[in-house]
Amino acid sequence: MVDMKHRAEGRQYIGIDQVSGPLIFVKGIHNVGYNEIAEIVDSKGRVRLGTVLETADGAAVIQVFEGTSGLSIPETRIRFRGESLRFGVGTEILGRVFNGLGEPIDGGPPPMVEEMMDVNGLAINPTAREYPRKFIQTGISAIDGMNTLVRGQKLPIFSGTGLPHNKLVAQITRQAKIVGEDTEFAVVFAAMGIKHDVSRYFVRNFEESGVLEKVVFILNLADDPSVERLVTPRVALTAAEFLAFRLHMHVLVILSDMTNYCESLREISTVREEIPSRKGYPGYLYSDLSAIYERAGMLKGVDGSITQMPILTMPNDDISHPVPDLSGYITEGQIVLERELDQRNIYPPIAGLPSLSRLMKDGIGEGMTRADHAHVASQLFAAYSHVKDVRALAAVIGEEELTPLDKTYLDFGNRFEREYLTQGEYEDRSIVQTLDIGWKVLSYLPKEELHRISEEELNKFYGK
Amino acid sequence: MLEIIGKVAKVIGPVVHAREVANAKMLDLVEVGEDHLVGEIVKLDRDRAAIQVYEDTTGLRPGSNIYSPGVPLSVELGPGLLGTIYDGVQRPLEVIRDTSGSGYIQKGIHATPLMREKTWEFVPTMTIGAVVEGGEIFGTIQETSFIEHRLLVPPDVKGRVVWAAPAGPHSIDETALRVEGTQGEAIEVKFHQRWPVRTPRPSKTRLPLRLPLVTGQRVIDTLFPQAKGGTVVVPGGFGTGKTMIQHALAKWCDADIIVYIGCGERGNEMTDVLMSFPELIDPRTKRPLMERTIMIANTSNMPVAAREASIYTGITIAEYYRDQGYHVAIMADSTSRWAEALRELSGRMEEMPADEGFPAYLPTRLAEFYERAGMVQTLSGREGSISIAGAVSPPGGDFSEPVTQHTKRFVRCLWALDRQLANARHYPAISWLDSYSEYVDEISDWWQDRSNGEWIGLRHQILNLLQQEGKLQQVVKLVGPDVLPDTQRIVLETCEIFKNAFLQQNSYDKIDMFCTPEKQIKMLRVITDYYTLGLEAIKKGANIHQLKKLEVYSDILRMKFSVSNDEPEKIDAIREKLHRSMQQVTEMFE
């Protein structure tokens, strides 16, 4: 929760100068720091929080998290706290529900605060990072086999409206484990502008799998103030950093939905009359997003890790929209959901080709998954890519006109989608199962076509 | 040293406006507030100034003092640079980690770029009484087991040596030379020097480019070569492998010194380099790659103004080694993030934007940066070079955006990364249809000497086939490959082999990650022979399926993995086998 004891301190001013959307402009003030937290008290005594976006001699621009409705020019009082926004963290935050600013909203008592942490965090020194290479088995073939997730990675899900990203994320949180280790994941779930029933879906899911007491909820739902969304992921990551690097837990952070976050950022930027770059988003969207995504990772010599799975819906399923585009430049790969697969009733509808895990290379192979993993994955990608070409050709000239080899590829493509990609919502496949299914579908292709697999591997696994 | 030059008037993120400014010069280094946040003056207007601050400004208040040592933002140059990782304003990240005892970069931490305590074994080469000029070498220090650090007289010094430090161990703060200047003034030259990052270091003349920068990556060396002293841009959407190419260059290119600038990119990527480079062995010197590498890491979440400075910090360090007579290669990943930093700062200063919010001076800045590359004769008469490979991250993978477009105007080589190739996991995903290199003519002599004069011809032949294939593929997309005559299918077939066996290169395979020029030439010969002989056989009556069934076919496809760089003669054996097999096929029809 946000610390209350500072409320009495700080400098207080009465009367503001201008209100414009979520921003207020104040004059006649002194010594206000950039990014400092302000309490804004309206005539009825209701307290809202805001942060200083711009400070000059005797004037400041404050962004109010909880909206500006009901604020009057003469009567509004402002107190500056002299510090940036902090979140009081402690072991007791586990199993609790907070609003987007970190105040408990589940009716329980305020959790015991062990440390006040600045929600803006600090940049991790690249020389202090531990390179992620521990394979997380999600039990989902399309991820484990072809887009492997590793501990400490940030791997977003690029989805679209109406696609089953929530189902997929719930399945991942249920099934994620490190093979051969008995560590459980703690989950920090940050909701930004998502609907009530979606949030309820997750609560129920965590309840069913009995992990509720290992989850921290930071909720800013669709009808909550949109500006609050700008701190929601920061509060969530602050909680995650405490759990990971102070309590040495392995934390999975789910941020849903990043597109809503970016919308709020755009809103503020527009009100501030900043020069927009693409589609009205501010030019610093990349830097802003990276300040969130880069908080994933591991530190040398410190147990614990933060693995991030942001969800974002691509407006119009357009992967080149600024939000997925800039995210893709920061995150370590992406799991892309494809509408066409979904319409053909394939779950999970993970697109074969545009999905990617950048950290996969160091988390797989002998001693981690299996020696043939890299080659099998690479061959599946290459073959499935050819399937796409053949399908395009077949659409023009008809299936009958295809060469026999291309017909085999069509057959392979269908089997790959039905046998490898498709699996049940509660089906938890081990990595060995996944690789074996991979070999099974590859064996539908003639041996000579498998250029990316070594002779020995072919002898050992092909057609077995 | 530090003088108060003004007060903070306004703070907007990384930009601070100052009032009551006196005694300030444009681009002077400043320290803002009591945390002494490092910044640089970027605009002066009577007694007001705009400052870009290289650290987080949270908590900074109007009225705080602004200090300045009265010098421009500079880097420290001297022994100890190699193997170090710096942030965008040359703060040593490892030292910061060890002294702060935290994995996070705290605000207001100061650390000197070069180690003060360490002593270096100095070997003087200058005698007392000698007349020296800027750029001359006055002694050497063995910086790493393979790189000899040549100590340079600073460019602005001229005069007669009156005293020189004796041979033996010295630390960098000690005086190395005392020089009597031309006006009789006493000048002290230390074992290190400072140079302002935004000013190019001088050299005697520019030399024409004639040597390739051999990268060990076949698609680059054979199709789109980079020259020593050349510039190349690598544009590509996310996930197309820009960073992979930059890493491959840093690992395997035949420059003496590598400066790797991670500019606004991922933290884990820098960690990856830091972890793998000390273990990787340079194929030429047999020493760990880290011994020739300097890293500048300003990751995306580190302060944006320092990101803007990082490429200047990098190139100034590169120039310092160039001036010692070395070939230096710079990788800047990614210049788009640098341009965005420029845009962000420009926006906060409320400058008038041009294309997509970028400031109108973006092309000028790009040109200034890329023009610092080149092959030169140094002030001491040696030959040195700087080659630049700049990655560009176009939004939405669309190459028509300003950074890609402007950069293309100032570089002479383009490696265009292709989304479809990347999706098919064809790496490096350098498109053979969209990329180009203007350096081919300049460096072809080097290759001709190593290939009995065949390189130009072989290269030409394969490029021709790729062009033909591009056209044929359009037909295939409409009617399928079956209707094509075998004389055309052999073109498709050869290109398929060329793409799989030659262009694709696996950077994780112990053998394939690096390919010597000799092996490249031999592989190219085998593949072009396959076409020439195959076409002959088909004309005699053979069909394409017979050719595909030859045992040598899979030998060709696997030669990149099966033949190591030390035994290229094995490829000759494959070639002989190919000739024999083709002859047998042809004989069947005679």
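This is a predicted model: local features need pLDDT of at least 70, side-chain atom pairs count only at pLDDT 80 or more; totals for chains, interfaces and linings use all residues.
## Contacts and fold of chain A

Take the contacts with a separation of 6 or more: 72% of them join residues 24 or more positions apart. Burial is computed too. Of the 464 residues, 53% count as buried.

Chain A carries 13 helices and 19 strands. Along the principal axes, the C-alpha atoms fill a box of roughly 80 × 50 × 40 Å.

## Domains of chain A

Chain A is divided into three parts by the domain assignment: domain 1 spans 5-84, domain 2 spans 87-360 and domain 3 spans 373-461. Between the C-alpha centres of domain 1 and domain 3 of chain A, the distance is 61 Å.

## Where chain A touches chain B

The interface involves 60 residues of chain A, in contact with 59 residues of chain B. Four elements of chain A each supply at least two residues to this side: β5 (47-56), α6 (285-293), α7 (322-330) and α10 (373-397). The helix α10(A) gives the most, with seven residues. By class, the side of chain A that touches chain B has 29 nonpolar residues, 19 polar and 12 charged.

Strand pairing also crosses between the chains. β5(A) pairs with β1 of chain B, residues 3-12. The sense is antiparallel, over two bridges. At residue level, A:Thr55 has B:Val11 in β1(B) as its bridge partner.

## A closer look at B:Leu465

B:Leu465 sits in helix α11 of chain B, which runs over residues 455-479. Is this residue buried, exposed or partly exposed? Its count is 19 other C-beta atoms within 10 Å. A buried residue needs 20 or more, and an exposed one has 12 or fewer. B:Leu465 is therefore partly exposed.

Which residues does B:Leu465 contact, leaving aside its neighbours within four places in sequence? They are B:Val491, B:Thr494, B:Cys495 and B:Tyr531. For B:Cys495, the separation from B:Leu465 is 30 residues in sequence. In space, the C-alpha atoms of B:Leu465 and B:Cys495 are 6.9 Å apart.

Notes: Residues are numbered from 1 along each chain as its sequence is written. Chains are lettered from A and ligands numbered from 1 in the order in which they are written. Two residues are in contact if their C-beta atoms, placed from the backbone, lie within 7 Å. Ala, Val, Leu, Ile, Met, Phe, Trp, Tyr, Cys and Pro count as nonpolar, Asp, Glu, Lys and Arg as charged, and the others, Gly among them, as polar. Two strands pair if DSSP finds at least two bridges between them. Domain bounds come from an automatic or database domain assignment.
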